[in-house]
Amino acid sequence: MPTYHSDFFNSAIVQIGDNITVESHRHYECELLYIINGEYRVISGGVTYELHSGDIFFAFPFVEHAYVNLGINETLIAIFSPTMVNAFADTLLSLQPKEPVINISRFYQYFDKLLLHLNEIFNSKADSRLFESCLTTIVGELISKMELTSAAQPNISIERIIRYCIDNLDDPSLTADSAAHALGFSRTYVSQLISSALGGGFTNLLHSIRIEKAINLLLNTDLSMTDITYECGFSSQRTFNRVFKEMTQTTPTDYTHRRSQKK
């Protein structure tokens, strides 16, 4: 599943809708489902959960999940990259909740309003920092109320691949072969695992991780374009510009300019 698009707000999805039925899937992004009114059935990790008004389901990265609509309802869904909440990214990528469903009553009085406010911020295209701040607060509150445990065995391999790419993304020689060798897997296994879990290949995964870091450096540091190029593991600025445009449909310079205009 691609993570990066032409605009900051398209790298996440937040919406309120009804009758959401989704077949079993998993992806790099986190996914939050808040039942405002109505009932849903969620299947995650082989366990079935019956959700009612006020319940929240929070899927960490790579956790398989499916939704079955059980009638008239109103639901908020948010899908976002773990690095959009940098303070909790490592936790989200290495752990998972023992119980992924929690009721709104476990939180302070206005937590439901904060969830709805996230949708308002997203759809108003407000300052991205306001969206990230609200999202980070929500994720922090959820994590603080959940008992976390090590990721389940089926997800460990894909998480190891993702983590290896993140830890070595500044290496321009990083390939599926070198990653597989370092992790003790075959190249075929790595390719099949990434395709099954994320719907793409190793190169697309690596490019996605590199461009996500590049966007973070573009928006939050004063590093030059050359420094960002090598910091993110690209062998040349020409390659960086080409891949950036492939992933975001714009150039790094234009992206930075557009984001500065929205602030």
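These legends describe close-up views of a predicted model. Local features need pLDDT of at least 70, side-chain atom pairs count only at pLDDT 80 or more, and totals for chains, interfaces and linings use all residues. Residues are numbered from 1 along each chain as its sequence is written, and side-chain values use heavy atoms, with hydrogens and water left out.

View 1. The whole structure contains 0 disulfides, a disulfide being a pair of cysteine sulfur atoms within 2.5 Å. Cys-30 is in none; the nearest cysteine sulfur, that of Cys-134, lies 15 Å away. Cys-30 is buried, at a relative accessible area of 0%. Buried means under 20% relative accessible area, exposed over 50% and partly exposed in between, with a 1.4 Å probe and protein chains only. For Cys-232, the closest cysteine sulfur is in Cys-165, 14 Å away and too far for a bond. Cys-232 is also buried, with a relative accessible area of 0%.

**View 2. An open antiparallel sheet.** Four strands, in the order β2-β7-β4-β5, form an open sheet with antiparallel pairing. Its edge strands, β2 (22-25) and β5 (47-51), each pair on one side only. Neighbouring strands are turned by 20 degrees against each other on average, direction ignored. Axes here are lines fitted to C-alpha atoms, for helices over the stretch in contact, and angles run from 0 to 180 degrees between N-to-C directions. Strands (E, at least two residues) and helices (H or I, at least four) are DSSP runs, numbered from the N terminus. Two strands pair if DSSP finds at least two bridges between them. Strand β4 (residues 40-44) is joined to β5 by 5 bridges. Ser-44 stands opposite Val-47 in β5.

**View 3. Strand β3 and its two partners.** In β3 (residues 30-37), 7 of the 8 residues are buried, so the strand is largely enclosed by the rest of the structure. Strand β8 (residues 74-80) runs antiparallel to β3 and is joined to it by 7 bridges. Here Glu-31 stands opposite Ile-79. Strand β6 (residues 55-59) also pairs with β3 in the antiparallel sense, over 4 bridges. Leu-32 stands opposite Phe-58 in β6.

**View 4. The buried face of helix α6.** The buried residues of α6 are Val-190, Leu-193, Ile-194, Ala-197 and Leu-198. Down the helix axis they fall within an arc of 95 degrees, so they line one face. The arc is that of the directions from the helix axis to the C-beta atoms. On the other side, Gln-192 and Ser-196 are exposed. Just after α6, Gly-199 takes a positive phi of about 75 degrees.
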